[in-house]
Amino acid sequence: MNKIKKYWPAFYVGLVFVIAGFLGGAVAVDEKDGPKKTDAKAKDGYAVILSGNWAGQIEPCGCTEKQLGGLDRRTETINIIAPEPDGRLILEAGPMIERFDRQSQLKFDTFLRSMKSVGYDAVTMTAGELKLLHDHIVDINPDQRPRIVCSNMKEEKLADFSGDRYFTKKLKYKGKTLTSYVLGIADGYDSEEGVSMELLEPVNAVKELVGELGLSKDDDALLVVLTQSDNDELVSSLKEIDAIDLFLCRGFGDEPEINSISDSTVACDTGILSKYITRFTVDAGKTPSPANLKLDAIAIHSSFNLDPSVIALMDAYQMSMKLENLIAEKIDRMGLEEDNRFVGSASCGDGPECHGEIYAIWSGLKHAQAVPTLENVNRDNDPECMECHTVGLRYESGFKSKEETPELAAVGCEMCHGPGMFHNEYPTEPYQEIFTNCEECHNDYHSPEFQEKREEYFQKIKHWEGDREYWD
């Protein structure tokens, strides 16, 4: 959230909306039900579809409110807003994942296969994602993923990734043709562990490649440059290259937004979590220029149909985590202070002097049934989901499986109040009031309405007497 505050002060957001409105604007949103499928319409011209900064969220969590996004609804969205495959360019700037553990490896593989199924033409990646692809994603062939573009890697090194320095496609619309070029910048630290990519200085690499391709500010070709970088100095330097028509960098607001316009270049960011499709419509028969590039941010709403092919890939991803027993065997776990342990909610209600009435109330709440809600949607083997639906999953004494730790299979007492072993042994000693605050799970990504409805939500889980100091 600190980054969001840094990059999106109120005056800047207001300015961006003015510019976006001038160029095309975002779709209308119904305050009650959200965007409708009818908001997504095809427009005259070539369509450039852009995404990036997924923050590892291949699909929205959706536990408490309807949320936007997901690769499984993207296929229909794209086919509605850009129905002609020959007239559209679908590009991914990255990053797709945030971490590099085993779940992220499986997820990254699923991202790439899904994007191929959806019809992405090209992707660019961070240095970490490229390294992960080379060192760990060994079962995916080049024809099972979109083309990788990395313009700041030596050509001989790109052979290790079956990648290219640039991608080109002739777009066709109503008898007219536009030659498009896509360049991608891999940002991030190229460590000595695993394959070394020998990344080149990005600005010079782009300038050199632009020269080789003979591109200029006044030609009739469309040049798109993608980067997942949020390095202000690098982004500013890249945007100053005159030949670039459309420049995409990482964004931290919900919606994709235009962040600058020069005489030759429109620069925008991706937004975060890919809740929206970024579409630039390019006027057919006209030279690509800021005046001929029109932005739409199209919400990927639950009214769009799911793509069975992508659903199958997501199901395979869930099955892989189940077969590898990821939760019990392959996640990093922390210890607790002074070797305290989680003991389960039932221990809180034992005995006449304990919290029997409170435990009985909690047992009837939805928090007590948090695991079945995931079982119903086949997400109970996903560590990222189960972390918020069980007690202490990231700790050594926390949830491992329903067979091994059934007492921790819920959003139980210790989820909020902390491990209870010492409290059981010394019940008269002070016990911590808060172990994990609500926003650990009910954050802006998973539960965007939580802050506005905080008191309403607290009433739903109320199992105490008196006021709570942390209601506000």
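Reader: Which residues does the disulfide join here?

Author: A disulfide joins Cys388 to Cys441, with 2.3 Å from S to S. In general, a disulfide is a covalent bond between the sulfur atoms of two cysteines. Keep in mind that you're looking at a predicted model.

Reader: Why is the disulfide called left-handed?

Author: Look at the torsion about the S-S bond of Cys388 and Cys441: it's about -100 degrees, so the disulfide is left-handed.

Reader: Let's zoom out. How many helices and strands are there?

Author: The protein has 16 helices and 12 strands. It has 472 residues, and 52% of them count as buried. Also, take the contacts between residues at least 6 apart in sequence: 67% of those join residues at least 24 apart.

Reader: How do I read the way two helices cross, say H4 and H5?

Author: Compare the directions of their axes. Helix H4 (residues 102-118) and helix H5 (residues 127-135) have axes that cross at roughly 95 degrees and come within 11 Å. An angle of 65 to 115 degrees counts as roughly perpendicular, and H4 and H5 are therefore roughly perpendicular to each other.

Reader: Which residues of H4 and H5 meet?

Author: On the H4 side you'll find Ser104, Gln105, Phe108 and Leu112; they meet Glu129, Leu132 and Leu133 of H5. Sorted by class, this contact has four nonpolar, two polar and one charged residues.

Reader: What covers the buried residues of H5?

Author: The cover includes H4 and strand S4 (147-148). The buried residues in H5 are Ala127, Glu129, Leu130, Lys131, Leu132 and Leu133.

Reader: How many aromatic pairs does a search of the whole structure find?

Author: Six. One of them is Tyr46 with Tyr173, an edge-to-face pair with ring centres 6.2 Å apart and 65 degrees between the planes. Tyr46 is in strand S1 (residues 46-51) and Tyr173 in strand S5 (residues 166-173), so to speak distant parts of the chain, 127 residues apart. Both Tyr46 and Tyr173 are buried.

Reader: Why is the pair of Phe342 and Tyr395 edge-to-face?

Author: Check the planes: they're at 65 degrees, with the ring centres 5.8 Å apart, so the pair is edge-to-face. Phe342 comes from the loop between helix H10 (326-329) and helix H11 (356-363), and Tyr395 from the loop between H13 and H14, 53 residues apart. Phe342 is buried, with a relative accessible area of 5%.

Reader: Is Met321 buried or exposed?

Author: Met321 is buried, at 1% relative accessible area. You'll find Met321 in helix H9 (residues 308-323). Beyond its neighbours within four places in sequence, Met321 touches Gln103, Leu106, Leu326, Asn381, Asp382 and Pro383.

Reader: What should I look for in the backbone?

Author: Start with the general rule: most residues other than glycine have a negative phi, and most peptide bonds are trans. Here, the peptide bond from Gly94 to Pro95 is cis, with omega near -5 degrees. Pro95 is in the loop between strand S2 (88-92) and H4.

Reader: Which value does phi take in Leu273, and which in Asn325?

Author: Leu273 has a positive phi near 70 degrees, and Asn325 has a positive phi near 50 degrees. Leu273 lies in the loop between strand S10 (266-269) and strand S11 (276-282) and is buried, at 2% relative accessibility. Asn325 lies in the loop between H9 and H10 and is partly exposed, at 31%.

Note on methods. Residues are numbered from 1 along each chain as its sequence is written. This is a predicted model: local features need pLDDT of at least 70, side-chain atom pairs count only at pLDDT 80 or more; totals for chains, interfaces and linings use all residues. Side-chain values use heavy atoms; hydrogens and water are left out. A disulfide is a pair of cysteine sulfur atoms within 2.5 Å. Axes are lines fitted to C-alpha atoms, for helices over the stretch in contact, and angles run from 0 to 180 degrees between N-to-C directions. Helices (H or I, at least four residues) and strands (E, at least two) are DSSP runs, numbered from the N terminus. Angles under 35 degrees count as roughly parallel, over 145 as roughly antiparallel, 65 to 115 as roughly perpendicular and the rest as oblique. Contact means heavy atoms within 4.5 Å. Ala, Val, Leu, Ile, Met, Phe, Trp, Tyr, Cys and Pro count as nonpolar, Asp, Glu, Lys and Arg as charged, and the others, Gly among them, as polar. Rings of Phe, Tyr and Trp (its six-membered ring) pair if their centres lie within 6.5 Å; planes under 30 degrees apart count as stacked, over 60 as edge-to-face and the rest as tilted. Buried means under 20% relative accessible area, exposed over 50%, partly exposed in between (1.4 Å probe, protein chains only).
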